[in-house]
2 protein chains.
Amino acid sequence: MAMGFRALPLTFLAHALAIAGAVMVLVWVLYYRGGMAWEAANKNLIFNLHPFLMLVGLIIIGGEAIMSYKSLPLKKEVKKVVHLVLHAIAIILGCVGIAAAFKNHNESNIANLYSLHSWLGITIISLYGIQWIFGFLVFFYPKGSPTLRSESLPWHVLFGIFVYILAVGNAALGFLEKLTFLESSGIAKYGPEALLVNFTAVVTVFYGAFVILSVLGQAPVEDDDSYSAI
Amino acid sequence: MAMGFRALPLTFLAHALAIAGAVMVLVWVLYYRGGMAWEAANKNLIFNLHPFLMLVGLIIIGGEAIMSYKSLPLKKEVKKVVHLVLHAIAIILGCVGIAAAFKNHNESNIANLYSLHSWLGITIISLYGIQWIFGFLVFFYPKGSPTLRSESLPWHVLFGIFVYILAVGNAALGFLEKLTFLESSGIAKYGPEALLVNFTAVVTVFYGAFVILSVLGQAPVEDDDSYSAI
């Protein structure tokens, strides 16, 4: 069931937070961290692709994918395409972002996959991919029977929310991990960069909360039973 | 509405994870970090109270408080008392745990409240307290009208879930932050302590997921409409 509030106004707030978060992470990597590059002598530029692509790709575009299905005033079949294409973009950008972290580690002789952030990250992108494939097969093509679809839907929503919450939490872990490294090597704990990174994480968490809240709200037009199961 | 699965079996899994998490954090602080104390020349012993009290208090007892209302086969009025007493214990232990972190910082000349973990932590304990007071007044004493209670219930559940997810996420942030400090000062990235701390965080996240999932499941006896609103 939907909670007794409308989803649409929440999505506007979420879009505003998405823009704020994207601008903040760009200011961080471009102004404070020297820019981004896939090939560079300064290996930090390779790493910088990671926070940008994960936030803008997996979190922001992933969140827009979630909200699109609930809030767009379109026919169900069109919304399905928008939903799965946006999620596909989110996953692809997420994979490139993860590859950038590995590339940076490999070229800088830093161990891979030792931190909680990395373990959760690999788990999350795998679950995200499984969820996408499952959704594609059951709801889009070749499509399960109406019974299978209606029985799977609440699980699709629940598992999707679960993976998305993990992704948002892991983004916060990532910001904190990188900032702790930077503070260990000298940047000021209350300096402008530290505040910017921490507030980017705060904006990310709020964005995630509004995305989830919009899923629980009421769709603008009652043209289908998209989310009626939760 | 409840999802199509029973809550009770999930709560058993959650209890098992709770015990595992409590044992793991105890092994960490007692065996690897030298123990816990409120007054000590070695200020690290004061800090060690923090992860123990936050995990066992706010997260584990808080999670048991959430599950108790759904899963105990008791009368609604009794469950309410169990629910609010367990949450009160969780909040008190949480406050003592936060005080331990401040005490450690103050006595070791470390700045307070510079990290995302600390900001989210203060926000979460405040929201948790507000939620408790609101729940006490509306559902227990003096108690709102039946209309107010039934209209508030889904919001109480939703806001409670929101605060609890933030708390679990913030616990993961805390484990990662502390471990990053320890790794910066020399402990091995793949050593037994690092693995223990990371897996404690993983167990914590799984515990949180099962707590939330149990809220979405079906109550064992249909004696009331406790969670019927979501």
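Some ground rules. Residues are numbered from 1 along each chain as its sequence is written, and chains are lettered from A and ligands numbered from 1 in the order in which they are written. Because the model is predicted, local features need pLDDT of at least 70 and side-chain atom pairs count only at pLDDT 80 or more, while totals for chains, interfaces and linings use all residues; side-chain values use heavy atoms, with hydrogens and water left out.

I start with the annotation. UniProt, in an unreviewed entry, lists "domain: Cytochrome b561" at residues 13–216 of chain A. UniProt positions are in the numbering used here, feature names are shortened, and annotations may be inferred rather than shown by experiment. In the model that span is 83% helix and 0% strand, and its end C-alpha atoms lie 15 Å apart. Helices here are DSSP runs of H or I with at least four residues, strands are runs of E with at least two, and both are numbered from the N terminus. The unreviewed entry also places "transmembrane region" at several stretches of chain A, including 12–32 and 153–176. Residues 12–32 are 100% helix, with end C-alpha atoms 29 Å apart. For residues 153–176, also 100% helix, the distance is 35 Å.

Next, one helix of chain B. H5(B) has 39 residues and reaches 56 Å from first C-alpha to last, close to the 57 Å expected; the expected span is 1.5 Å times one less than the number of residues. H5(B) bends by about 35° at B:Ser152, and B:Pro154 follows within four residues. The bend is the angle between axes fitted to the seven residues ending at a residue and the seven starting there. After the helix comes B:Gly186, with a positive phi near 115°.

Now the charges. How many salt bridges does a search of the whole structure find? Over all chains, 12, where a salt bridge is a side-chain nitrogen of Lys or Arg within 4 Å of a carboxyl oxygen of Asp or Glu. A:Glu107 and A:Lys103 form one at 3.1 Å, N to O. These two residues are 4 apart in helix H3 of chain A, so about one helical turn separates them. A:Lys103 counts as buried at 13% relative accessibility, and A:Glu107 as partly exposed at 32%. Buried means under 20% relative accessible area, exposed over 50%, and partly exposed in between (1.4 Å probe, protein chains only).

In chain B, B:Lys43 bridges to B:Glu107, with the closest N and O atoms 2.9 Å apart. B:Lys43 is in the loop between H1 and H2 and B:Glu107 is in H3, so the pair ties together parts 64 residues apart in sequence.

Last, the rings. There are 14 aromatic pairs over all chains; Phe, Tyr and Trp rings (six-membered ring for Trp) pair if their centres lie within 6.5 Å, with planes under 30 degrees apart counted as stacked, over 60 as edge-to-face and the rest as tilted. One of the pairs is A:Phe5 with B:Trp155, tilted, 5.1 Å centre to centre and 40° between the planes. A:Phe5 precedes helix H1 of chain A and B:Trp155 is in H5 of chain B, so this pair joins two chains. A:Phe5 is buried at 13%; B:Trp155 is partly exposed at 39%.
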